[in-house]
Amino acid sequence: MASLLVRLIGMVYRIPMSNILGEEGNGIYAVAFEIYDLVLIISSYSLPLAMSKIISAQQAKRQHKNTGRTLRVGLAFAVASGGIFGCVLLFGAGLIEEYIYPEYVGVQIPLRVLAPTIFIVALLGVFRGFFQGKKTMVPTAFSQVIEQIVNAVVSVTASYLFMKWNADSIRQAAWGAAGGTLGTCLGAASALLIVLFVYWIYRPVQEKLERRDRTRSVDMVSSSHLFVILLATILPVILSQTVYNISGLIDYKLFGAISGGSGMSALTIKSMVGVYSSKYRVLCSVPIAISTALASSLIPSAVAAYTEGDVEQWRYNVSAGIKFNMIIAIPCAAGFIFLGQPIVRMLFPSSDYVLGGHMLAAGSLAIVFYALSNVTGGALQSINKMRYPVIHSAISLALHVGFVVLLLKYTSLGIYSLILGNVTFPIVVSLLNLMAIRRFVPEYRQEIVKTFLTPLAASLWMSVALTIVYAGLGLVIASNLVRTLASLFVAVAVYFVMFLLLKGLTREELFDFPMGRRLYLVARKMHVMK
């Protein structure tokens, strides 16, 4: 729920910020953030996942002193890694712009603003992973919401002020993008303060648990051995996530280089990338973020089940994770296909909503497969097969690059080449992940009808309903805002009712959803569930 709220806040603040920056500023902001994401992944992005995996296994064995030592080792790693890579980004931003992304003039300015965030997020990730490993998502969730609120307020305000203060500069758009990245830095700093406060409160409990370990026989692990375990856990995740995220940087470079070589101006290149990043990718990121959160929360429970030899519980965790993701991802993809342009027009009225809407319709299928690849990758990590998501992502990346180059060079698809590549990339990863899961856990069987076909059937009914409502209201109301909001409201209601009428969920499964008991009471009042 926190991840959904964070993405919704992110989408909401990106609307005014996108309108402030313009398409050129959005293009610079997108490239800067892709570079930042890559550096963040290499330095510390995988720390929460690695920490939660190690600590959850220690918790299952009641090795509390080892969990405290793991926290200290993780913090030492974060200080070193975050500090080094933060300096690399700070002092290397000019070289990145000059030699790698010359088409995106000014990108070094937002990169330098983002540099301190690398160090802050590294420390933040350690504490979040510590609490996740102890099977509480509350500190992570609460800090994420506060982080995004601060991010939203500062990003919009700073973007406006930086654009205003640099109105006469040829790099005005870059300064505006830097204002947006300032919100990211201060948001992460506020989240770090929150988790530090939570840990300060929890610390006496941790110390008490560690003292209890001294009174009984516990297998102690040295700090050096824990460092090796942490590094061995982090590296496969780093490689896997790097392959995932470097595809965006490669796409922007390929599009800029090939399109520029074909005569497209630098301004047009940045503007097209701006629409792609600020409309298509931002809107698709909302449902994908939910799948990422579900995959992250799945891992500690799956690791504990695997550590304890409970294959049945592991199978349930993975199957439920895939099912819950499909329940969310499939209707979102269908909604973007049939209502993409009105949604973009509603959220970004001053920009190119026609192109943005077409992008959503063409590429929304990526939502389904990114959701599937996230959960299946987490499932492989939970059984210590962490190198396989890396291998699968590398295979998919190689195919992706070749596919995008062919489309850019030999077709007139332009920016749609990136969208098609964005769809095919997670399809390959998902298929390879599923094949690996079946190979290593032969007992695993994913239920098909309720997981895939029932959400698809309910989404088709939903699509018919929203299309009728939007077209019907157009006969009497000219406002796109009213028509779109009414269509979305009807779509949610129809999907909920049809999915339950088609027996997509049992009462017990519904209870596992956030606010599941309230949803069950609503379903009973509507007579769609007993």
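## Model and confidence

The structure is a predicted model. Its chain has a mean pLDDT of 84. Of its residues, 93% reach 70 or more.

Helix H14 has the highest mean pLDDT, at 93. Helix H16, residues 507–511, has the lowest, at 73. Where pLDDT is low, the predicted coordinates should not be read in detail.

The structure holds 6 salt bridges. One of them joins the side chains of Glu 24 and Lys 270, with N to O at 3.1 Å. Glu 24 sits in helix H1, residues 2–45, and Lys 270 in helix H8, residues 266–307, so the pair ties together parts that are 246 residues apart in sequence. The two partners differ in cover. Glu 24 is partly exposed, with a relative accessible area of 27%. Lys 270 is buried, at 7%.

Arg 281 forms a salt bridge with Glu 34. Their closest N and O atoms are 2.8 Å apart. This pair also links distant parts of the chain: Arg 281 belongs to helix H8 and Glu 34 to helix H1, 247 residues apart. Glu 34 counts as buried, at 8% relative accessibility.

An α-helix has 3.6 residues a turn, so residues three or four places apart point the same way.

Arg 203 has 43% relative accessibility. Glu 207 has 33%.

## Helix H2

Helix H2 runs over residues 47–60. At 1.5 Å a residue, its 14 residues should span 20 Å. The C-alpha atoms at its ends are 20 Å apart, which agrees.

Of the 14 residues, 11 are buried, so H2 is largely enclosed by the rest of the structure. The buried residues include the run from Leu 47, Pro 48 and Leu 49 through Ala 50, Met 51 and Ser 52. Lys 53, Ile 54, Ile 55, Ser 56 and Gln 58 are buried as well. Just after the helix, Arg 62 takes a positive phi of about 55°.

Ile 109 is in helix H4, residues 108–133. Its relative accessibility is 13%, under the 20% cut-off, so Ile 109 counts as buried. Leaving aside neighbours within four places in sequence, Ile 109 is in contact with Arg 171, Ala 174, Trp 175 and Ala 178. Ile 109 and Trp 175 are 66 residues apart in sequence. Their C-alpha atoms are 6.6 Å apart in space.

Asn 317 is in helix H9, residues 311–347. At 11% relative accessibility, Asn 317 counts as buried. Its C-alpha atom is separated from that of Ala 379 by 8.8 Å. Along the chain, Asn 317 and Ala 379 are 62 residues apart.

Asn 433 lies in helix H13, residues 416–440. Asn 433 counts as buried, at 1% relative accessibility. What does Asn 433 touch, not counting residues up to four places away in sequence? Its contacts are Ser 373, Thr 376, Gly 377, Leu 380, Pro 389 and His 392.

## A nonpolar surface patch

Ile 448, Val 449, Leu 453, Leu 456 and Leu 460 make a nonpolar surface patch. The patch covers about 450 Å².

Val 449, one of these residues, is found in helix H14, residues 449–474. At 46% relative accessibility, Val 449 counts as partly exposed. H14 is also the element with the highest mean pLDDT.

Conventions. Residues are numbered from 1 along each chain as its sequence is written. This is a predicted model: local features need pLDDT of at least 70, side-chain atom pairs count only at pLDDT 80 or more; totals for chains, interfaces and linings use all residues. Side-chain values use heavy atoms; hydrogens and water are left out. Helices (H or I, at least four residues) and strands (E, at least two) are DSSP runs, numbered from the N terminus. The expected span of a helix is 1.5 Å times one less than its number of residues. Buried means under 20% relative accessible area, exposed over 50%, partly exposed in between (1.4 Å probe, protein chains only). Contact means heavy atoms within 4.5 Å. Patches are made of residues with over 30% relative accessible area and no salt bridge: like charges are joined within 9 Å, nonpolar side chains (Val, Leu, Ile, Met, Phe, Trp, Tyr) within 5 Å. Accessible areas come from the Shrake-Rupley method with a 1.4 Å probe; for residues, only the protein chains shown count as cover. A salt bridge is a side-chain nitrogen of Lys or Arg within 4 Å of a carboxyl oxygen of Asp or Glu. pLDDT is the predictor's confidence in each residue, from 0 to 100.
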